[in-house]
Amino acid sequence: MRRENFVKILLLLLLSLIPEAVHAAKVKPGAEVLYDTGFALLRGKKYGLVTNQTATVGKQHLLKLLLAAGLPPTVIFVPEHGLAGTVEDGVKLGDSVDNGILVRSLYGGEKRPRQADLKGLDLLVFDIQDIGARFYTYISTMGLVMQGAAEAGLPLLVLDRPNPLGGEYVSGFVRKELPASFTSFYPIPVAHGMTVGELAQMIQSEGFLPALENLQLFVVEMSGWKRRMRWPDTGLSWSPTSPNIADFSAALLYAGIGLLEGTSASEGRGTDRPFLLAGWPDLDRTRVAATLNREGLPGVEFIATSYTPRSIPGRSSAPKYRDREVSGISIRVTDCAALLPVETGVAVVRALYHALPATDQQRFFRRGIDDLSGSLLLRRSVEKGMTAAGITALWRDEVAKFREMRSLYLLYQ
């Protein structure tokens with residue numbers, strides 16, 4: 001046998017032994033698809049770019065490639081955390097300048113683009129990596145950008161990116177009976193299982209926000225992405241989406257452990273493992289870990305631990321229980337494909353609550369919990385002592401209805 005033929009056969013044999021997700025076709029986000037065309041849709045146009053640090057094409061930022069191509073945006077709009085993604089959550093942003101381009105904040109005095117800043121433009125472009133949770137604010141910014149574009153009579157071009165949680169997982173209460181807030185903007189489940197391009201089409205067509213009827217909405221679709229894919233299957237590098245979502249594990253758990261932001265329990269902020277730690281001072285951590293492990297939640301295990309939150313400027317300057325030892329659990333992901341983020345979060349909320357004495361239970365829930373969960377039912381069910389499985393069953397029918405609705409807007413198989 002000739003040597004080169006032997007090498008080819010050996011390579012084919014080795015590839016057949018590699019899991020499908022490893023040698024699957026590389027996913028190209030919408031920005032890369034647009035780049036491959038030489039940015040054809042942007043040539044000859046004055047456009048505004050809504051973006052942040054997550055708008056990458058390979059190892060380069062979209063803005064750098066646009067500048068190199070001689071196609072700079074006229075104005076840049078940035079969401080919470082800023083253009084570089086280094087500003088702490090909840091901190092209002094001012095305007096700035098980058099590469100001689102005006103950078104307007106959409107997380108300061110106004111969260112919607114001002115019409116004066118859209119005057120003279122031909123197009124708005126949106127490219128931000130979302131993480132698939134209703135209460136992560138980038139999709140709220142997208143909706144307000146859609147309204148601004150519609151009012152100005154501008155087309156909106158959404159450069160699509162993967163949902164890190166995949167396109168099949170849908171879970172959590174559908175926000176319906178509460179007034180919309182910036183962290184609970186749409187009547188969708190906590191984990192919606194949609195890309196930003198798919199969600200933008202739903203927001204418009206289902207009338208989730210007013211005055212979008214005449215918006216010209218276009219989506220540059222990804223290539224290679226399948227709904228079954230969670231982030232590791234895409235072959236893409238993770239770019240921290242915000243200061244406390246530094247890696248995929250934090251993004252994966254955020255849709256569930258993020259519910260603790262509506263409680264007085266620690267969600268691990270002020271450590272190097274936010275959303276992978278949870279606890280309360282003087283808690284019986286061994287009992288809590290054992291309780292959670294008995295739940296048999298897929299893809300995750302809980303380890304009793306203790307930690308001390310510290311002030312981390314730019315990430316968490318004033319975490320709960322700063323400089324005080326917190327007793328709780330460390331969350332270890334054992335199978336990211338099997339893990340159910342929202343169900344895991346509900347189980348953690350319930351286990352922490354019921355491990356506390358009555359006096360601490362009275363101050364466990366904060367005002368924001370109903371807003372984050374999208375329903376009064378989570379708080380009330382935990383207080384009544386319902387099981388975690390019983391609570392998650394409460395959203396089964398509404399999630400089924402949402403799945404039926406969203407089927408009209410899915411762009412990928």
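## Thr51 in strand β1

Thr51 belongs to strand β1, which spans residues 47-51; strands (E, at least two residues) and helices (H or I, at least four) are DSSP runs numbered from the N terminus. The model is predicted, so local features need pLDDT of at least 70 and side-chain atom pairs count only at pLDDT 80 or more, whereas totals for chains, interfaces and linings use all residues. Residues are numbered from 1 along each chain as its sequence is written, and side-chain values use heavy atoms, with hydrogens and water left out.

With a relative accessible area of 0%, Thr51 is buried (under 20% relative accessible area, with exposed over 50% and partly exposed in between; 1.4 Å probe, protein chains only). Its side chain reaches the backbone oxygen of Asp127 at 3.0 Å. Beyond its neighbours within four places in sequence, Thr51 is in contact (heavy atoms within 4.5 Å) with residues including His61, Ile76, Phe77, Val78 and Asp127.

## Gln129 in the β7-α6 loop

Gln129 is located in the loop between β7 (123-127) and α6 (138-152). Its relative accessibility is 4%, so Gln129 counts as buried. The side chain of Gln129 reaches the backbone oxygen of Pro162 at 2.7 Å. Apart from neighbours within four places in sequence, the residues in contact with Gln129 include Thr54, Tyr138, Arg161, Pro162 and Trp231.

## Helix α14

Helix α14 covers residues 377-384, and Leu378, Ser381 and Val382 are buried in it. Seen down the axis of α14, the buried residues fall within an arc of 100°, so they line one face of the helix; the arc is that of the directions from the helix axis to the C-beta atoms. Among the elements that cover these buried residues are α11 (341-354), α13 (369-373) and α15 (388-393). Just after α14, Gly385 takes a positive phi of about 90°.

A pocket is an open set of points on a 1 Å grid over the protein atoms alone, where a 1.4 Å probe fits, with protein on both sides within 12 Å along at least five of seven lines; lining residues have an atom within 4 Å of a point. Of its 25 lining residues, Asp89, Phe135, Thr183, Tyr254 and Glu261 are the closest to its centre.

Note on methods: A polar contact is a pair of N or O atoms within 3.5 Å; within protein, one must be able to donate a hydrogen and the other to accept it, and residues adjacent in sequence count only if both atoms are side-chain atoms.
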